[in-house]
Amino acid sequence: MSSETQNPNEDAREQLIDLAADFYDQFAGGKIPELTLPTRTKRNIEYDPDSGVWVYGDRTSTRSANSVRGARKLLKAVYTIDFLAQQLDEDRSSTLRELYYLSESWDNTEAHFSDQDESNQMIEDLEIVSEVTREDLHMRPEESGATLMGPLLLREQTRRGEREIHCQKDVGEGGYQIPNNPDTIEFLDHEIDFVLCVETGGMRDRLIENGFDDDYNCLVVHLKGQPARATRRITKRLHDELGLPVVVFTDGDPWSYRIYGSVAYGSIKSAHLSEYLATPDAAFIGIQPEDIVEYDLPTDPLADSDINALESELSDPRFQTDYWTEQIELQLEIEKKAEQQALASRGLDFVTDTYLPERLDAMGVI
Amino acid sequence: MTSFQSTLGEDAGIADELAQSQREISIAEFFEKNKHMLGFDSGARGLVTAVKEAVDNALDATEEAGILPDIYVEITEVGDYYRLVIEDNGPGITKEQVPKVFGKLLYGSRFHKREQSRGQQGIGISAAVLYSQLTSGKPAKITSRPKGSADAEYVELIIDTDTNEPEIKTAERTTWDRTHGTRIELEMEANMRARSQLRGYMKHTAVVNPHARLELREPGLEEPMKFERGTDQLPAETKEIRPHPHGVELGTLIKMLEATESYSVSGFLQGEFTRVGGKTAEKVLNAFRDRHFGRELSWSVAASHEAEIKDAIVDAVSNKGADATESFASGIVEVLGNRERTCRFELAEIVDTVADRVEDETGRTFGDTVRENAIEAAWAAVVAFDSDATVSTNEAVAANGDAAGADSDGRDRLTSDLYVIVDEATSTRKDDAVIHGFSERLARRLDADAGEERRFRFTADELHRAVEDAADATVEYDEVSFGDTARENVFEALWAVTRTVPDDLPKVKTVAADRDTASQLLEAMRETDILAPPTDCLSPITDTLVEAGLRKEYDADFYAAATRDAEVHGGDPFIVEAGIAYGGELKSEGSIDLLRFANRVPLVYQRGACASTDVVKQIGWRNYGLDQPGGSGMPNGPAVLMIHLASTNVPFTSESKDAIANIPAIEDEIELAIREAARELKSYLNKRRSMQKRREKQDVLGRILPEMAEKVAEVTGREPPNIDGAMARIMNNLSVDREVSGTTVTLSVENYSDRAEQPEITDILSAEPQALNGDASVVDMDGEWFLQWSPSVSAGEEASISYEVPEETDFDVNVDGVDAEKLTVNA
């Protein structure tokens, strides 16, 4: 999974052609072509103590041309490989959505994707078996719009040449937008004490308005909900390359815990990239169910889907720690959830003056 | 028929006045006014009904004579009328019988028989004659040549509607090219609007009578419709049976009692009914006795009372000498003491036996009077009851709870005996005092009704009433509840200690003369378990011939048929058969064709009123692979469903015999027959579907894989690979499929290869499977359930298991033991 070879495009292309060649050999050997992939479910991820992240286990599922569905999948895979190889050859890139529409132009109607989930999944499959990341295959997601704000100087390789950007001084209120492939960024200098990942835009804006990034030398990463790969990747690089502590600040509900989970432990769908994307040392600030009780925050009752999600998290291997078990069970008991903005009930400055400093202190970050 | 009755006390003149307008009306005249009842309500329908009646008769006549039917039907237009000709190759009808058969309503050989036949009342064909005569004014022309006769008889006749007598217009000898048979020619006002029903009738008749050759000519046909024989096998000959005891009504029973030559009821039962032999007759008679005389309640004799009884007997015997008297009395008491319970007639038997023995031993004579006296004295002691005695004891018991002390002063023998029975029959929660109080009231009540010689004879009703009364009084005076269940239990317990009395039953003449007694006999007959009537009076088509009939007339892909075992309704045995034809040339749009038959006769009209239609609509046909909009009602699809009811007495909804009445016993059998045939259809359709899926799969794979190979070659820049090997493997494999329907999951293995396979299937579930149906084991592994299943599947076969899990359960199936290339897992 390296992009640091001499000709990354050619390398990725080779890997893809090899895949096609495997199919060729299977055909020629009188075998039914098939593709074996790790099963991408909650039950098939396991903790890798070496890297500290969650990766796929031994369970595999096979897409075989033996069934109509499998054969269609493989046919699409071959067409996709053809397309990607050509794209790499021409050093161009496209978005996942473009791939979906592009398949419509293929001569074989059986190879057309029926929806974008299918084409997204195909790219994930190919990235797993070819061991080339999506970014190196030149497949981009839609811009997620996630941003950085804080005392960081970096250099980005853009199509219009290299740019040096300071993420406080050179950017507007909106901050520095994380590019789709953050590996094109080089960190030059920084005065950051810690990285603060924030789930919602409202809270991110509150922190910037209150000057939290200045006051605490903190890099505020806006996750924008479930974080895109680029966001997770840059967070990991900030932690690994600059040795910065990472904390995650989300709403106090089960969906937000999953956001933390994918930052810290890796997501189920991209567990093959956990080593590349996850930041196992990332810590969770809140809102913790405990905080709801302690700060007496305004709450909403848990919906049935929330309760199901919490119960499912109890059986999620990523949350099998004493801390999370305790917090989730507490939440199931109080049957309440709270948003980050609920802190505003104690005044607009409460979050920056009291809550975060108290929590960061308790966590030993400051 | 309308009747007028004058009322007593009113103006006497009215009756006379009315009498002037009252006159007898002939049956022919009656039906002339009610022809709709017979299926002659319109010109279109009249024609179909006439054909139907004539063909039914022809089939019955030929079969009875053991001749394979060959029937010819011709309809032609004659001016304003239609001429209908029906010819058969039956045994012919003698000259004398012709007018009666065709020209007299209600003349027939079948009405009084319990035997399966098409016609029953003898109305049909003469009604057709009548209809033709009423609409066209032309006589019926009948030609008949009895077997072996050189010439044929030709008769023209009409029916005199006033007298219900045939009137012969012409009669002459003629020649006919058929060696035997009958030909009837009718002219009638009619139209061919019911053409499709007519053709349907002929076709359906051909289906259920595969042994018959039929031909139809009518103006709308360019070529005659011919239905050839599908078999040379005549339907099994049917036997006439006597009525079954469960199937007669009171009126019929009384008529039979009046008509019989038997003297005793036992002889009558055995002689006039089917399935009644000596033993069954005895059972019926005992049940009759229980109703006619009631049963005698038996009582127990406590050891402490034996001396008292003995003394009573000794006192009642005089002049027999001390030894003999002692031996007699102690003999009786000894027997009584050894018995659990004894009733009055049993005591009499005991006394007789002991008296005979003592006579032998002592030489003394114990005459009838002595015996009578002894019985009376002993019985009085056994069932001693002084109603005054109970009041004090009741209070005593209420005070000290000692139930057994009731008869301490020796005058009430009944209460304590009843107490034991009641206590056992009622729930333990009942208070002792309540039970005692109830027993006492019951004792008083029974004693009051003990009857002649204090025999304690009660019918079930009387005993019921006694229990009710005692219970009601207990509720009222003791202010406790005494529920229906408790009452019923007490009654049951008491009834269990009653005995059938040995009295002689009235003779047949007496029973016949008294409606109540006859009714008791009828009840006894109905209550007794009696073997179902024999079924050789029925002639089912049989499943093979049902299938042959369908095969002959319908060009389909699949046929199934089922014949049920005989069942009984109201003493008449019946058999239901069902057949299904599917696919092929059958029309696929719209609902299926339902063919209804009763005793091999197609039912043409009133489909909606027929029990068989109701049953078909209630069945969930989607289960059997047929489309059924809304999940009920007539299913759709290219199918023909036939239902045949054979019975000695088909319950029709009306005289026109178009619809079977909704009798639950018959509906049940219809449903079972249909389901039996439908199950075969289902497995055929399933197989067809899976084969179709497989074919589709082969089609798709046969297209996709070469394309994929080509593309792979293009991408890798090589020559297209040879994919024959891969294709061969794919087309010859084992497939594992999962079907999830709500919470029900079915795993199935289909072996398309040419040898047996034993896959080892592990289904990993995130929830525990329930209601596992199949030979599989389940192991709980830390919140995941491993379901293991290793079916052995022969070449071309299929195996499946099913279980229940909550919706949204995760599955992960793993199959070992089969070459991966040979495996298609779609689960």
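Guide: What follows concerns a predicted model, beginning with the interface of chain A and chain B.

Visitor: How many residues does each chain give to the contact?

Guide: Chain A contributes 30 residues and chain B contributes 38 residues.

Visitor: And how much area do they bury between them?

Guide: About 2900 Å² is buried between chain A and chain B, with 65% of it on carbon and sulfur atoms. On the side of chain A, the residues that lose the most area to chain B are Tyr24(A), Phe27(A) and Arg43(A), which together account for 27% of what that side buries.

Visitor: How many salt bridges cross that interface?

Guide: The rule finds 5 salt bridges between chain A and chain B. At 3.5 Å, N to O, the side chains of Arg59(A) and Glu784(B) meet in a salt bridge.

Visitor: Which helix of chain A gives the most to the side that touches chain B?

Guide: Helix 1 (8-28) and helix 2 (68-89) of chain A each supply at least two residues of that side. Helix 2 gives the most, with 10 residues. By residue class, the side of chain A that touches chain B divides into 17 nonpolar, 5 polar and 8 charged.

Visitor: Now to Asp417(B). Is this residue buried or exposed?

Guide: Asp417(B) is buried, because its relative accessible area of 6% is under 20%. Asp417(B) lies in helix 15 of chain B, residues 414-425.

Visitor: What does its side chain reach at 2.8 Å?

Guide: The side chain of Asp417(B) reaches the backbone nitrogen of Ser300(B) at that distance. Leaving aside neighbours within four places in sequence, Asp417(B) is in contact with Trp299(B), Ser300(B) and Arg341(B).

Visitor: Back to salt bridges: how many are there over all chains?

Guide: A search of the whole structure finds 77. One pair in chain A is Arg233(A) and Asp183(A), whose closest N and O atoms are 2.9 Å apart. This pair links distant parts of the chain, 50 residues apart. Arg233(A) is in helix 7 (residues 229-242), whereas Asp183(A) is in the loop between strand 10 (176-177) and strand 11 (185-190).

Visitor: Where do those two stand in accessibility?

Guide: Arg233(A) is buried, with a relative accessible area of 15%. Asp183(A) counts as partly exposed, at 23% relative accessibility.

Visitor: What about pairs within chain B?

Guide: Glu553(B) forms a salt bridge with Lys552(B), with the closest N and O atoms 2.9 Å apart. Glu553(B) is buried at 15% relative accessible area, whereas Lys552(B) is partly exposed at 25%.

Visitor: Which residues are joined into one network by salt bridges that share partners?

Guide: The network joins Arg83(B), Glu87(B), Lys138(B), Lys141(B), Arg178(B), Arg183(B), Glu185(B) and Glu187(B).

Definitions and conventions:
Residues are numbered from 1 along each chain as its sequence is written. Chains are lettered from A and ligands numbered from 1 in the order in which they are written. This is a predicted model: local features need pLDDT of at least 70, side-chain atom pairs count only at pLDDT 80 or more; totals for chains, interfaces and linings use all residues. Side-chain values use heavy atoms; hydrogens and water are left out. Contact means heavy atoms within 4.5 Å. Buried area is the accessible area (1.4 Å probe) that two parts lose on being put together, summed over both. A salt bridge is a side-chain nitrogen of Lys or Arg within 4 Å of a carboxyl oxygen of Asp or Glu. Helices (H or I, at least four residues) and strands (E, at least two) are DSSP runs, numbered from the N terminus. Ala, Val, Leu, Ile, Met, Phe, Trp, Tyr, Cys and Pro count as nonpolar, Asp, Glu, Lys and Arg as charged, and the others, Gly among them, as polar. Buried means under 20% relative accessible area, exposed over 50%, partly exposed in between (1.4 Å probe, protein chains only). A polar contact is a pair of N or O atoms within 3.5 Å; within protein, one must be able to donate a hydrogen and the other to accept it, and residues adjacent in sequence count only if both atoms are side-chain atoms.
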